[in-house]
Amino acid sequence: MNYRMQICQSIGEIAQAEWNSLVCKCNGGVLHPALRHEYLLALESSGSAVAETGWGPLHLAIHGETGELLAAMPLYLKSHSYGEYVFDWAWAQAYERSGQPYYPKLLSAIPFTPILAPKVLHATPESGKALAQGLAQLTWQAAENTELLGTTISTLHALFLTQQDQQLLLEEATSLNNSSRHVVQFHWHNESPTCGKKFDNFDEFLENLNQKKRKNIRAERRKANLDGLEIQRILGSDASETELAFFYQCYSRTYMEHFSSPYLNLEFFKQVCTNMGEQVLLIQATLHGQPVASSFFLLSEERLYGRYWGCIENLPCLHFELCYYQAIEFAIEKGIEWFEGGAQGEHKMARGLNPQTMVSAHYVHDNGFKLPIENFLRREKAHLQAYALELNEHTAFRTNLLLDT
């Protein structure tokens, strides 16, 4: 079959129904919330992920002979490394010291969203390979000259890959000779290690933990449950403007407390709640009728994704309650299999989350940095595997879980 590759400077150039159909096909029939056309469009139309903020959309689309969309990939031309969560600042500094430009670079990822999701969306294995080869051709050309993108690029990165993506981008379908990189996240699995079934309730989950961790969680929940405190779970489709504005106030405050600026604006959150609110969950805490904290999640039938949190009053253990315990309780009630707690955070292990290895692919154009970076990645991988195995020795569960590597 003859394929035609299109470089799209906005997700709006691709039909919503066709894009979302590919997402479902590559995600076990489930519409991944952060890969939805509506989600990516909200990032762009709100001004959160656009060229002016360092996220120039260059999404790839592979069309068949009759024009149908057969494969696609979220892709960006990045002028910095913020909002990625797989850190390459040291690489950029090495380029700078040598007098070579590291930016711009090509990045396949979901902006500001470090969660597992397919990147090579495809209707058939053949179209997936065609997209991978098209990506390779684009990368080679953009690394050698400025004609295609108006600039040269130094590297290509594809983050938080599924096993299918790893096969396409690291093994069989592209001759880019990508190197893999590994990071550890912490996820909760709705499965009892003793009987292999989903938990019936939060207390059953606690009974599977060792005594110390079980006791600590109960103590934290008691501390969080102040007199007059109420917690409400709100689907995005039901969230009022007041509730959403309060969440954004909390979200912004979290960034400001860390001397940073929020990546996302209120308009983005309004759009996702309006256009895909059934896959958004807000959890809001009020004290004596006044809102004091809020957390934001994305969800599908299979996974709950912890994203953002903030408060206007620092209350004991409320962060753990709104970000972890309410999320686990919600997942149990809805039969959701996985809760992804977000990037980093060894403290999550004490709350029943366990280490999971996440894989990314990286191509470095051969300009004196390829071999040093490959050597660095090999050493880093060995250290990370040892780190992950050590973490697994300290699981909160009574029966140690096998680390998914």
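Me: What makes Arg-221 buried?
Reply: Its relative accessible area is 18%. Buried means under 20%, exposed over 50%, and partly exposed in between, with a 1.4 Å probe and protein chains only. At 18%, Arg-221 is therefore buried. This is a predicted model, where local features need pLDDT of at least 70, side-chain atom pairs need 80 or more, and totals for chains, interfaces and linings use all residues. Residues are numbered from 1 along each chain as its sequence is written, and side-chain values use heavy atoms, leaving out hydrogens and water.

Me: Why is the contact of Glu-329 with Arg-221 called a salt bridge?
Reply: The closest N and O atoms are 3.3 Å apart. A salt bridge needs a side-chain nitrogen of Lys or Arg within 4 Å of a carboxyl oxygen of Asp or Glu. The pair therefore qualifies. Glu-329 lies in helix H10 (residues 318–334) and Arg-221 in helix H7, so parts 108 residues apart in sequence are tied together. Helices are DSSP runs of H or I with at least four residues, strands are runs of E with at least two, and both are numbered from the N terminus. Arg-221 and Glu-329 also belong to a salt-bridge network with Arg-233, Glu-321 and Glu-333.

Me: How do you know that Glu-207 and Arg-218 meet in a salt bridge?
Reply: Their N to O distance is 3.2 Å, and the limit is 4 Å. Glu-207 is in helix H6 (residues 202–207) and Arg-218 in helix H7 (residues 211–224), so the pair joins parts 11 residues apart in sequence. Glu-207 has a relative accessible area of 38%, so it is partly exposed. Arg-218, at 31%, is partly exposed.

Me: What makes Lys-105 and Glu-84 count as buried?
Reply: Lys-105 has 0% relative accessibility. Glu-84 has a relative accessible area of 4%. Both values fall under 20%, so both residues are buried. Their side chains meet in a salt bridge at 3.0 Å, N to O. Lys-105 is in strand E6 (residues 105–108), while Glu-84 is in the loop between E5 and H3, 21 residues apart. The salt-bridge count comes to 15.

Me: Why is the pair of Trp-55 and Phe-112 called edge-to-face?
Reply: The ring centres are 5.1 Å apart and the planes stand at 65°. Rings of Phe, Tyr and Trp (its six-membered ring) pair if their centres lie within 6.5 Å; planes under 30 degrees apart are stacked, over 60 edge-to-face, and the rest tilted. Trp-55 and Phe-112 therefore form an edge-to-face pair. Both residues are buried.

Me: What makes Trp-91 and Phe-376 an edge-to-face pair?
Reply: Their centres are 6.4 Å apart and their planes at 90°, so the pair is edge-to-face. Trp-91 lies in helix H3 and Phe-376 in helix H11 (residues 370–392), so the pair ties together parts 285 residues apart in sequence. Trp-91 is buried at 6% relative accessibility, whereas Phe-376 is partly exposed at 30%.

Me: How do you know that helix H2 (residues 37–45) is mostly covered?
Reply: Of its 9 residues, 7 are buried. They are His-37, Glu-38, Tyr-39, Leu-40, Ala-42, Leu-43 and Glu-44. Their cover includes helix H1 (16–25), helix H9 (266–276) and strand E12 (290–299). Just after H2, Gly-47 takes a positive phi of about 85°.

How values were computed
Contact = heavy atoms within 4.5 Å.
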